[in-house]
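Dear colleague,

Please find below the structure that I am handing over to you, together with its sequence. My account of what was found follows directly after it.

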Amino acid sequence: MNKQISYAQAISEALVQGMENNPNVFLFGLGVDDCKGIFGTTIEATKRFGASRVFDVPASEGALTGIAIGAALNGKHPVLVHARHDFMFLALDQMINNAAKWKYTYAGKSMLGMTIRAIIGKGWGQGPTHSQNLQAVLAHFPGLVVTAPSNAYDMKGITLEALNHQGPVVIIEHRSLYELKMEVPQEPYRLGLAQARVSRQGRDVTVVATSIMVPEALRAAYILSESGIELEVIDPVTLQPLDEETILMSVKKTGRLICADGDWLNCSFASEVAARMADRAFHDLKAPIKRIGWPDCPAPVSKILEDAFHPTHKNIIRAVLDILDKKQTPIPDVEFKDTFVGPY
């Protein structure tokens, strides 16, 4: 049976079901047992399993990651929560030089399964040190699985898969997605860690969007469909390893590609997708590939500047009209509620 739940509720449900299924799963991080429970995602787990399996810790990201690695090597499956994705810079040595390389260093004879929740996003005047996205940095290193689900269905399935994976998995969660709702099965289910989602079928332009940019792409598609322009929206879901074939099939169909990323464009995931498609689908392209991302500067604190800094469906619409050479097409100015994403 399915029910409509939010992205945050999907995380909560997956954690509880995963912990029920495997007594070796435990959850820790700054504020996980707080009354607000990391945007409500850890409240139920705290109630169900108590302080022995859900517990607060001091702010020491490198040490905590080392503890998680040690626990994983002793048969546990730790879930480490970083409420501020930016502070993972302090954990990169453990993540990259130990967790990511462990399987290769020991020729697959020793494995460590661990899940790291990394929360990103704008809002509340987060500013330059609380609004960053490390997805491209993390995806650069072999051995780390990096995933960024954009909806409740994918989030639950990916989280349950991560809790059963025999390697380190980083799940990137955008704060602005927490209230978005979707039909989700009540029973546990798992989704593959290298399977993209075709979020919307279309014929004119392929838009590969990540995380928060997926609902923005669906909003753009909704508006443009009124003018007879049909976007195909591809959500990679997992950034590393990447389901390249699903993207390639779409680009071959439409002949046009826009990569919409919630990150800086220099050395970005959008740049990687653009490079791979230029390499594999060059003769299928009818127009140059376009990329959408952040301006080349740190994120501002002011809300007015922050709104200008982060791309939206309007940036995607402008890129689509440019790539189709239809800049004069009149487009209605539609204001969406935060919870509207268009049809998945």
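Proline 298 lies in the loop that runs between strand E14 (290–294) and helix H12 (303–309). This is a predicted model, and every value given here is computed from it. Beyond its neighbours within four places in sequence, proline 298 is in contact with Pro128, Trp264 and Phe309. The C-alpha atom of proline 298 is separated by 7.9 Å from that of glycine 127, although the two are 171 residues apart along the chain.

Histidine 313 has its place in helix H13, which covers residues 313–323. With a relative accessible area of 9%, histidine 313 is buried, since that class covers values under 20%. When neighbours within four places in sequence are left aside, the contacts of histidine 313 are Glu216, Arg219, Ala220, Ile223, Val334 and Phe336. Tyrosine 222 belongs to helix H9 (residues 213–225). The relative accessibility of tyrosine 222 is 38%, so this residue counts as partly exposed. Between the C-alpha atoms of tyrosine 222 and arginine 200 there are 10.0 Å, and along the chain there are 22 residues.

As to the overall fold, the secondary structure of the protein chain amounts to 13 helices and 14 strands. The radius of gyration of the chain is 20 Å, close to the 20 Å that the globule rule gives for 344 residues; the chain is therefore as compact as a globular protein of that length. The C-alpha trace spans about 60 × 45 × 45 Å along its principal axes. Of the 344 residues, 57% are buried.

I turn next to the pockets and cavities. The volume of the second largest pocket is about 400 Å³. Its lining consists of 21 residues, and Ala136, Val137, Cys267, Ser268 and Phe269 are the closest to the centre. Helix H7 (135–139), strand E12 (238–240), strand E13 (257–264) and helix H11 (269–280) each give two or more residues to that lining. By class, the lining of this pocket has ten nonpolar, eight polar and three charged residues.

The structure also holds two cavities of 30 Å³ or more. The second largest cavity contains about 30 Å³ of space. Gly18, Asn21, Asn22, Val25, Leu163 and Asn164 line this second largest cavity. Its lining has two nonpolar and four polar residues, with no charged residues.

Finally, the cysteines deserve a note. How many disulfides does a search of the whole structure find? The search finds zero. For cysteine 259, the closest cysteine sulfur is that of cysteine 267, at 15 Å; a disulfide requires sulfur atoms within 2.5 Å, so this separation is too far for a bond. Cysteine 259 is buried, with a relative accessible area of 1%, whereas cysteine 35 counts as exposed at 67% relative accessibility.

With kind regards

Key:
Residues are numbered from 1 along each chain as its sequence is written. This is a predicted model: local features need pLDDT of at least 70, side-chain atom pairs count only at pLDDT 80 or more; totals for chains, interfaces and linings use all residues. Side-chain values use heavy atoms; hydrogens and water are left out. On a 1 Å grid over the protein atoms alone, a cavity is a set of points where a 1.4 Å probe fits but cannot get out, and a pocket is an open set with protein on both sides within 12 Å along at least five of seven lines; lining residues have an atom within 4 Å of a point. Grid points are joined across faces, edges and corners, and a volume is the space filled by probe spheres set on the points. Ala, Val, Leu, Ile, Met, Phe, Trp, Tyr, Cys and Pro count as nonpolar, Asp, Glu, Lys and Arg as charged, and the others, Gly among them, as polar. Buried means under 20% relative accessible area, exposed over 50%, partly exposed in between (1.4 Å probe, protein chains only). Helices (H or I, at least four residues) and strands (E, at least two) are DSSP runs, numbered from the N terminus. The radius of gyration is taken over C-alpha atoms; the globule rule is 2.2 Å times the number of residues to the power 0.38. Contact means heavy atoms within 4.5 Å.
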